[in-house]
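Hi,

Here is the structure I said I would pass on. Have a look at it first, and then read my notes below.

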Amino acid sequence: ALAQLTRGYISRTVSDASGAVVSGANVRIVNTGTNIERGLATNDVGVYRFAAVEPGSYFIEFTKSGFETKKVGPLTVGA
């Protein structure tokens with residue numbers, strides 16, 4: 001039997017204005033419908049990945065000491 005996936009993911013690389021990757025940045029996603037949030041930090045090469053994200057609309061917030069906080073969205077996640 002075939003299975004259908006019902007969740008998506010959010011993944012990108014965080015970089016600064018000069019294009020250099022930003023490791024250790026805090027990344028937080030917030031579902032705009034439920035206000036449920038998840039957070040993690042970027043890895044050594046500036047990558048973050050939220051797996052098994054419920055479909056919906058999300059805001060993403062990036063923070064790190066010495067950098068301006070950045071908030072983007074809404075971003076729609078599908079299955």
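Leaving aside residues up to four places away in sequence, Ile29 touches Ile10, Ile36, Glu37, Arg38, Phe50, Val53, Tyr58, Phe59 and Ile60. Keep in mind that this is a predicted model. Several of those names come back in the largest nonpolar core, which has 13 residues; Ile10, Ile29, Tyr48, Phe50, Val53 and Ile60 are the ones that touch the most other members. Which strands supply at least two residues each to this core? They are strand 2 (26-31), strand 4 (47-53) and strand 5 (56-63).

Now for the chain as a whole. The C-alpha trace spans about 50 × 25 × 15 Å along its principal axes. Of the 79 residues, 23% are buried. Among contacts with a separation of 6 or more, 49% are between residues 24 or more positions apart. The chain exposes about 5400 Å², and 51% of that comes from carbon and sulfur atoms.

Rolling a probe the size of a water molecule over the atoms shows where empty space is left. The largest pocket holds about 270 Å³ of space. Its lining takes in 15 residues, and those closest to the centre are Val14, Ser15, Phe62, Glu68 and Lys70. Strand 1 (8-13) and strand 5 are the elements that give two or more residues to this lining.

The C-alpha atoms of Val47 and Ser11 are 7.3 Å apart, although 36 residues separate the two along the chain. Val47 counts as partly exposed because its relative accessibility is 28%, which falls between the 20% and 50% cut-offs. Asp44 is in the loop between strand 3 (37-41) and strand 4. With a relative accessible area of 73%, Asp44 is over the 50% limit and therefore exposed. Its C-alpha atom lies 7.1 Å from that of Gly24, a residue 20 places away along the chain.

Last, some backbone details. Most residues other than glycine have a negative phi, and most peptide bonds are trans. Here are the exceptions I noted:

- Gly73 and Pro74 are joined by a cis peptide bond, with omega about 5°; Pro74 is in strand 6 (residues 70-77).
- Asn35 has a positive phi, near 65°. Asn35 belongs to the loop between strand 2 and strand 3, and it counts as exposed because its relative accessibility is 58%.
- Ala52 also has a positive phi, about 55°. Ala52 lies in strand 4 and counts as partly exposed, because its relative accessibility is 42%.

Cheers

How values were computed. Residues are numbered from 1 along each chain as its sequence is written. This is a predicted model: local features need pLDDT of at least 70, side-chain atom pairs count only at pLDDT 80 or more; totals for chains, interfaces and linings use all residues. Side-chain values use heavy atoms; hydrogens and water are left out. A nonpolar core is a set of buried Ala, Val, Leu, Ile, Met, Phe, Trp, Tyr and Cys residues joined through side-chain atoms within 4.5 Å. Buried means under 20% relative accessible area, exposed over 50%, partly exposed in between (1.4 Å probe, protein chains only). Helices (H or I, at least four residues) and strands (E, at least two) are DSSP runs, numbered from the N terminus. Contact means heavy atoms within 4.5 Å. On a 1 Å grid over the protein atoms alone, a cavity is a set of points where a 1.4 Å probe fits but cannot get out, and a pocket is an open set with protein on both sides within 12 Å along at least five of seven lines; lining residues have an atom within 4 Å of a point. Grid points are joined across faces, edges and corners, and a volume is the space filled by probe spheres set on the points. Accessible areas come from the Shrake-Rupley method with a 1.4 Å probe; for residues, only the protein chains shown count as cover.
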